[in-house]
Amino acid sequence: EVSITKFPADERKIIAKAHDKYKKARAGIINTRHGQIHTPAFMPVGTKGTVKAMLPESVQTTGADIILGNTYHLMLQPGAKRVFKLGGLHKFMNWSKPLLTDSGGFQVMSLSKLRKITEEGVIFNSHIDGSKFMLSPESSTEIQYLLGSTITMAFDECTPYPSTYEQAKSSMELTSRWAKRSRKAFYSRDGYGQFGIIQGSIYNDLRLKSALDLIELDFEGYAIGGLAVGEGQELMFKVLDYAPDLLPINKPRYLMGVGKPADIIGAVQRGIDMFDCVIPTRSGRNGQAFTKYGVVNIRNSKYKEDNTPLEEDCLCPACKNYTKAYLHYLVKVKEILGAMLMTWHNLMYFQKLMLRIREYIAQGKDFDFIS
Ligand SMILES: CCCSCc1cc(N)cc2c(=O)[nH]c(N)nc12
Ligand SMILES: [Zn+2]
C-alpha cells in the first residue's frame, strides 16, 4: 500500500534544498496575440497538430495556456503551405490559444535516418517515405510563419551529450550563426515572438558565449537547449545553477524537453519559466499515472479490483467518474478510452503542479510540497 505521506524521494531532496540556495523563482504573465501564458508554465506537446488522445477543449480544461507543435512533422505531413491555405494551425486543429513550434532541427536528428549537416542547414530524408528535404534557418522560420505559430523557435543544432569541449564549441558557434539568420528571416508582428535557443552543452564559457551572441539579436524570449539529452538531473541542475542568469531577466526563459515534476521544481527554483515534455502524455498512454502518492503503474495487477480513484480530490474525468480497476482494465485491453483518461489525468496533474508553484511564488513561499 502506498502511504499518503510518501512523496517521491527525488522531489523531497530538491525541495529541501529550496529553502536555502534558490531564490530565483519567478511567476509572471506572457501576453501574446492568442492570449496570456501564466508562468511558470507547462506546455503539453502536440507534435502532429494534436495532443495525442485529447480533444483541444479537453486540453483547455486542464488549464494549459499554450501547446507545442512541430515544424519537422507538419512540414512532411500535411505540409506547411497546405496548413497555411487551410487557415493556419490554430484553425486546422481548433486551438485558439498560444502555439509554440519547435524549429525542427532537433527532430531531424532524432527521427530521420539519413541526414547531412551543412553550413546552409540540414539535408535529410523523410522518415515517412524517404523523400529528400532541407531545413535551414530561413525555411524553418518560414514554415513556422505559415503554420501561424505564436512563438517561433530559432533554428539550432542541439549539441549531443556527451560532447567534447571542441565539439560543443563548434556546434554552439553554428547555432549562433543560424540564430542570426533565423532572426533576419523572422517576420516580426505584435503579439508574436521568436525565441533564441542557447547551446554550449555543460561548458559554462560556451553557454556564456552562446547567450551573448543571442542577446545581441534581441529575441522576445530565450530557450536553454542541449539539456534533457541524457546528461541526468544532477548535471542538468549544475548547468541551470548559472545558465538562466546569463539571460535577460525581463524575458521568458524556456527549458526545452523538461521534464518530470522534480525536474520542473528544481528548474523553476533556478529561474526557468516555461517547460515542455512528452512525459505526461506518453507515459499516460503507457499506463503510468502521476499522483501525489507517486507514479501509479495502472497495469499492476494489484489494481484489478481497486474500486477507488487515482486521486480522490482530482477533478479530471478519470478520477471523478472512474476507478483504478476500470483504468487497469482499459489499459490492459488497450482500449482507446484508457489512453484518453490516463492522459487527461496526467495533464491535469502537471497543470495543478504549475498552478501550485505559481501560487507559492506569488505568496513568496518556498515550495515545500510535502503536504
Ligand atoms: C516539441 C519538442 C520541443 S522541445 C525539443 C527539444 C528538446 C531538448 N531536450 C533539446 C532541444 C534543443 O536543444 N533544441 C531544440 N530545438 N529542441 C529541443
Ligand atoms: Zn485525475
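Where is the place of Pro 40? In this predicted model, Pro 40 is situated in the loop between strand 2 (35-39) and strand 3 (41-43).

## Backbone geometry

The peptide bond that joins Thr 39 and Pro 40 is cis, and omega is about 0 degrees. A cis peptide bond also runs from Gln 77 to Pro 78, with omega near 0 degrees. Pro 78 is placed in the loop between helix 3 (71-76) and helix 4 (80-85). Most peptide bonds are trans, and most residues other than glycine have a negative phi.

Ala 53, although not a glycine, has a positive phi of about 75 degrees. Ala 53 belongs to the loop between strand 3 and helix 2 (56-61), and its relative accessibility of 32% makes this residue partly exposed. Asp 218, likewise a residue other than glycine, has a positive phi near 55 degrees. The loop that holds Asp 218 runs between helix 9 (204-215) and strand 11 (221-224). With a relative accessible area of 46%, Asp 218 is partly exposed.

## Salt bridges

Side chains of opposite charge can pair when their charged atoms come close. The model contains 16 salt bridges. One of them joins Glu 119 and Arg 177, whose closest N and O atoms are 2.8 Å apart. Because Glu 119 sits in the loop between strand 6 (115-117) and strand 7 (122-125) while Arg 177 belongs to helix 8 (residues 165-185), this pair ties together parts that are 58 residues apart in sequence. Both partners are partly exposed: Glu 119 has a relative accessible area of 40%, and Arg 177 has a relative accessibility of 39%.

Helix 8 also contributes Arg 181, which forms a salt bridge with Glu 138 at 2.8 Å between the closest N and O atoms. Glu 138 is in helix 7 (residues 137-147), and the pair links distant parts of the chain, 43 residues apart. Glu 138 is partly exposed, its relative accessible area being 32%.

A further salt bridge is formed by the side chains of Asp 306 and Lys 324, with an N to O distance of 3.5 Å. Asp 306 occupies the loop between strand 15 (294-297) and helix 13 (317-321) and Lys 324 is part of helix 14 (residues 324-332), so the contact ties together parts that are 18 residues apart in sequence. Asp 306 counts as buried at 17% relative accessibility, and Lys 324 counts as buried at 10%. Elsewhere, Glu 120, Glu 138 and Arg 181 are joined into one network by salt bridges that share partners.

## Zinc site and cysteines

Which protein atoms are the donors of the zinc ion (ligand 2)? They are the SG atoms of Cys 314, Cys 316 and Cys 319 together with ND1 of His 345, at 2.1 to 2.4 Å from the ion. Angles of 100 to 114 degrees among the four donor atoms make the site tetrahedral. Along the chain, the donors have the spacing C-x1-C-x2-C-x25-H. Cys 314 and Cys 319 are both buried, and Cys 316 is buried at 0% relative accessibility.

The whole structure has zero disulfides. Cys 158, for example, is in no disulfide, because the nearest cysteine sulfur, that of Cys 277, is 14 Å away, whereas a disulfide requires sulfur atoms within 2.5 Å. Cys 158 counts as buried, with a relative accessibility of 19%.

## Buried helix and surface patch

Helix 11 (residues 261-268) is largely enclosed by the rest of the structure, because eight of its eight residues are buried. Among them are Pro 261, Asp 263 and Val 268. From C-alpha to C-alpha, Gln 269 and Tyr 203 are 21 Å apart in space, and their separation in sequence is 66 residues.

Tyr 187 is located in the loop between helix 8 and strand 10 (193-198).

Terms used. Residues are numbered from 1 along each chain as its sequence is written. Chains are lettered from A and ligands numbered from 1 in the order in which they are written. This is a predicted model: local features need pLDDT of at least 70, side-chain atom pairs count only at pLDDT 80 or more; totals for chains, interfaces and linings use all residues. Side-chain values use heavy atoms; hydrogens and water are left out. A salt bridge is a side-chain nitrogen of Lys or Arg within 4 Å of a carboxyl oxygen of Asp or Glu. Helices (H or I, at least four residues) and strands (E, at least two) are DSSP runs, numbered from the N terminus. Buried means under 20% relative accessible area, exposed over 50%, partly exposed in between (1.4 Å probe, protein chains only). Donors are N, O and S atoms within 2.8 Å of the metal (3.2 Å for Na, K and Ca); water is not among the atoms, so sites may look incomplete. Four donors count as tetrahedral if all angles lie between 85 and 135 degrees; four count as square planar and six as octahedral if opposite donors are over 155 degrees apart and all others between 65 and 115; anything else is irregular.
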